[in-house]
Amino acid sequence: MPPLSLHSRRLIIGTLTTVTGEVDATNAARLETYLGQQIRPGEPLLLDLSGLTFLDSLGLYVLIRLNAALREQGGALHLAAVHDTPARLLKLTGVWMTLNIHAGVRQAITSMQGERIHPQEPA
């Protein structure tokens, strides 16, 4: 199994975190802790998942909780380049329709910039 690798960098409009490898029961807590440390109130968090080859139900749960935490703090979760097994899991569970998912990092950043210019009204 490819090890989980996480790398973040600050952008002008939020944080970009690259997630590579596999997320499963052995490392989902590590992913949740790491991503929780990347949250900045009111700012979006972009996950580049182009190198993510596997995501199990615990990893899915991390994304759902992260999305809720970001919304609570006025931010947004964006996922870029979701492919293969992770994409299938998100689609089968219906989570795909509830998240901001983009074809690639560029498209996600463009969307994030648009949100900054035209913030959504609070629900």
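# Notebook: a look through a predicted model

**Entry 1. Leu-52.** I began with the contacts of Leu-52, skipping residues up to four places away in sequence: Leu-52 touches Val-19, Thr-20, Gly-21, Glu-22, Val-23 and Pro-86. I note here that the model is predicted. I placed Leu-52 in strand S3. Is Leu-52 buried or exposed? Its relative accessibility is 7%, so Leu-52 counts as buried. I also looked up a pair of C-alpha atoms. Those of Leu-52 and Asn-100 are separated by 17 Å, and the two residues lie 48 apart along the chain.

**Entry 2. Val-23.** Next I took Val-23, one of the residues that Leu-52 touches. I left aside its neighbours within four places in sequence. Val-23 is then in contact with Leu-4, Ala-28, Leu-31, Leu-52, Phe-54, Leu-55, Asp-56 and Gly-59.

**Entry 3. The nonpolar cores.** Which residues of the largest nonpolar core touch the most other members? I found Val-19, Val-23, Leu-31, Leu-47, Leu-66, Leu-79 and Leu-90, out of 26 residues in that core. I then checked which elements supply this core. Strand S2 (14–23), helix H1 (28–38), S3, H2, S4 and H3 each give at least two residues. There is also a second, separate core of 7 residues. Leu-11, Leu-16, Leu-46 and Ala-108 are among them.

**Entry 4. Helix H3, buried side.** I turned to helix H3, residues 84–92. Which of its residues are buried? They are Pro-86, Ala-87, Leu-89 and Leu-90. These residues cover an arc of only 160° around the axis, so they lie on the same side of H3. Two of these names were already in my notes. Pro-86 is touched by Leu-52, and Leu-90 is listed in the largest nonpolar core. What covers the buried residues of H3? The cover includes strand S3 (45–55), helix H2 (57–72), strand S4 (77–80) and strand S5 (100–102).

**Entry 5. Helix H3, the other face.** I looked at the face turned away from the buried side. This face carries the exposed residues Asp-84, Arg-88, Lys-91 and Leu-92.

**Entry 6. Positive phi.** I wrote down a rule first. Most residues other than glycine have a negative phi. Then I looked up residues with a positive value. Ala-81 has a phi near 60°, and it is not a glycine. Ala-81 is in the loop between S4 and H3. With a relative accessible area of 8%, Ala-81 is buried. Asp-84 is not a glycine either, and its phi is positive at about 50°. Asp-84 is found in helix H3. Is Asp-84 buried or exposed? Its relative accessibility is 66%, so Asp-84 counts as exposed. Just after H3 comes Gly-94, with a positive phi of about 85°.

**Entry 7. Asn-27.** I found Asn-27 in the loop between S2 and H1. Asn-27 is buried, at a relative accessible area of 9%. Not counting residues up to four places away in sequence, Asn-27 touches Leu-4 and Glu-22. Leu-4 is a contact of Val-23, and Glu-22 is a contact of Leu-52.

**Entry 8. Salt bridges.** Side chains of opposite charge can pair when their charged atoms come close. How many salt bridges are there? I counted 2 salt bridges.

One joins the side chains of Arg-10 and Glu-43, at 2.8 Å from N to O. Arg-10 lies in strand S1 (residues 5–11) and Glu-43 in the loop between H1 and S3, so the pair ties together parts that are 33 residues apart in sequence. Arg-10 is partly exposed, with a relative accessible area of 44%. Glu-43 is partly exposed at 23%.

Another joins the side chains of Arg-65 and Glu-32, at 2.6 Å from N to O. Arg-65 is in helix H2 and Glu-32 in helix H1, so this pair ties together parts that are 33 residues apart in sequence. Arg-65 counts as partly exposed, at 41% relative accessibility. Glu-32 counts as partly exposed, at 28%.

Terms used. Residues are numbered from 1 along each chain as its sequence is written. This is a predicted model: local features need pLDDT of at least 70, side-chain atom pairs count only at pLDDT 80 or more; totals for chains, interfaces and linings use all residues. Side-chain values use heavy atoms; hydrogens and water are left out. Buried means under 20% relative accessible area, exposed over 50%, partly exposed in between (1.4 Å probe, protein chains only). Helices (H or I, at least four residues) and strands (E, at least two) are DSSP runs, numbered from the N terminus. The arc is that of the directions from the helix axis to the C-beta atoms. Contact means heavy atoms within 4.5 Å. A nonpolar core is a set of buried Ala, Val, Leu, Ile, Met, Phe, Trp, Tyr and Cys residues joined through side-chain atoms within 4.5 Å. A salt bridge is a side-chain nitrogen of Lys or Arg within 4 Å of a carboxyl oxygen of Asp or Glu.
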